[in-house]
Amino acid sequence: MKHTASGRLESLDILRGFDLFCLVGLEAFVHALGRAVDAPWFKPVTAAFTHADWVGFSPWDIVMPLFMFMAGVTIPFTRPAEGGRARVWAKIIKRVVLLWLFGMMCQGNLLALDLNRIYLYSNTLQAIASGYLIAVILYMTVGLRTQIVIAVLLLATYWAGMEFITVDGYGGGNYSAQANFAEWVDRICLGRYRDGAAAGADGSVVFASWYNYTWIWSTLNFAVTVMSGVFAGVVLRSGGVSRTGRAVILVAGGIALVAAGLVAGIWHPVIKRIWTSSMTLLSSGICWMLMAVFYYVVDCLGIHRGLGWLKVYGMNSIAAYMMLSCVNFRCVAESFLYGLAQYMGAWYEVLVSAFCALIIYGILLLMYRRRIFLKV
C-alpha cells in the first residue's frame, strides 16, 4: 500500500481532491457554461451538477456524503497521539469544536456578528463533526462487529421514527418536505436558530418554506455515513488480503450497499435533504466503489501521472471549502474582468467563474508548495 511521506493514504487524498475540485472548481463553471450554451444537449450535464429536488438521487448528491465518508476512512489510519487517552480525547474534541465553528462561519452567519442571524446547525462541516464524533467514539470503545450492529440500529431507529412517530401533524410515514418527522425535530430543537428561521412580530418563530434540510434527527444517519467510511478504512488496512483483494471487497461491498439502498427506497424514499436511511445506504455504496476505483488506480497500479494536482485540493480540503464559502472571490475577478462584460454576454459569467476557481486553486497550490495545511 502506497502512502505519502507523511503516512497518508495517497488515493484518499486524490479522491478527496476530486470531490473538492467538483465543489470548488467545477460546479459554478458548469452552471455558467450551461446558461451560456443554452442548448438542450447540455441540460444533462447541468442536471448532473444539480441536487435532486426531493425524492431521488443526482450525481451531485454524492459530494456531501463522500466528504463525510472520507472523514471516516481516516479514522483507522490515525496514529495514536502521544500522551495517552486524555491527549487523544482532547484532539477529538478540538476537531469537533473547530469543525462546528467553521460550519457556523460558512453557513451559520457567525461572521455577521449579529446574534439575531445566528444558525446553530446548518452546514456540511457540522454534519461531519457530529458523525465523526459518534463514529470515533464507537471505533475507540467497541469492536468492529458491535460497530456494525450499532450502525444497523441507527438506520433502523431513523426509519422507525419517520414511520411510526406522529406529533403535531408531522411524521407517521409522511415524507413530504414540510410534514416529515425530521422536520418537526429540527423546528422544535433549533427553533429560531434553524437556518431560514426568523422571529415573527408576535414573538413566534417563522420558518422559511423554502428551507427543507434537516440536521438533528438526520445526525443518526450522518454517523452511519461516517461509520461506512470507517468500515472501508478497516478493509484498506486489513492484513492477509492483497491490495487487489481489498479493492474487490470494496467493490462488492459497494454493490451490496447500493442494492440495499435501492430496495429500501421502495418503502423508505431516497431523500438526501433529510438523509433517509435508504439514501445513506445508497450513497455509502457509491462511496465504497469510488474509493475502490481510486485505491486500485493509485495504490495498486501506481498510476499517479495526471492526478497529482488533485492533491492540492485534497490535502487542504477544509481550506478549500472555507474559501469557497466565506470569501467573495467574484469581487476580485470582476476587478480584473468587468470591462469584458459588454462584449461577452452570457459567456462573461463563464469567464468569471473560471477566474474564481483559478484564484482558489492558486492559493491552494501556494499553500501546498509551502507545506501549509489547515488541519483540524
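The report below covers a pocket and then the aromatic contacts.

## Basis

This is a predicted model, in which local features need pLDDT of at least 70 and side-chain atom pairs count only at pLDDT 80 or more, while totals for chains, interfaces and linings use all residues. Residues are numbered from 1 along each chain as its sequence is written, and side-chain values use heavy atoms, with hydrogens and water left out.

## Second largest pocket

The second largest pocket has a volume of about 470 Å³, and among its 19 lining residues Leu23, His51, Gln107, Thr124 and Tyr321 lie nearest its centre. (A pocket is an open set of points on a 1 Å grid over the protein atoms alone, where a 1.4 Å probe fits, with protein on both sides within 12 Å along at least five of seven lines; lining residues have an atom within 4 Å of a point. A volume is the space filled by probe spheres set on the points, which are joined across faces, edges and corners.)

## Aromatic pairs

The structure holds 20 aromatic pairs (ring centres within 6.5 Å; planes under 30 degrees apart are stacked, over 60 edge-to-face, the rest tilted; Trp is represented by its six-membered ring). The rings of Phe21 and Trp309 are edge-to-face, because their planes stand at 90 degrees, with centres 5.0 Å apart.

Phe67 and Tyr321 form a tilted pair, 6.1 Å centre to centre with 50 degrees between the planes. Phe67 is buried, at a relative accessible area of 7%, and Tyr321 also counts as buried at 7%, whereas Trp309 is partly exposed at 34% (buried is under 20%, exposed over 50%, partly exposed in between, with a 1.4 Å probe and protein chains only).
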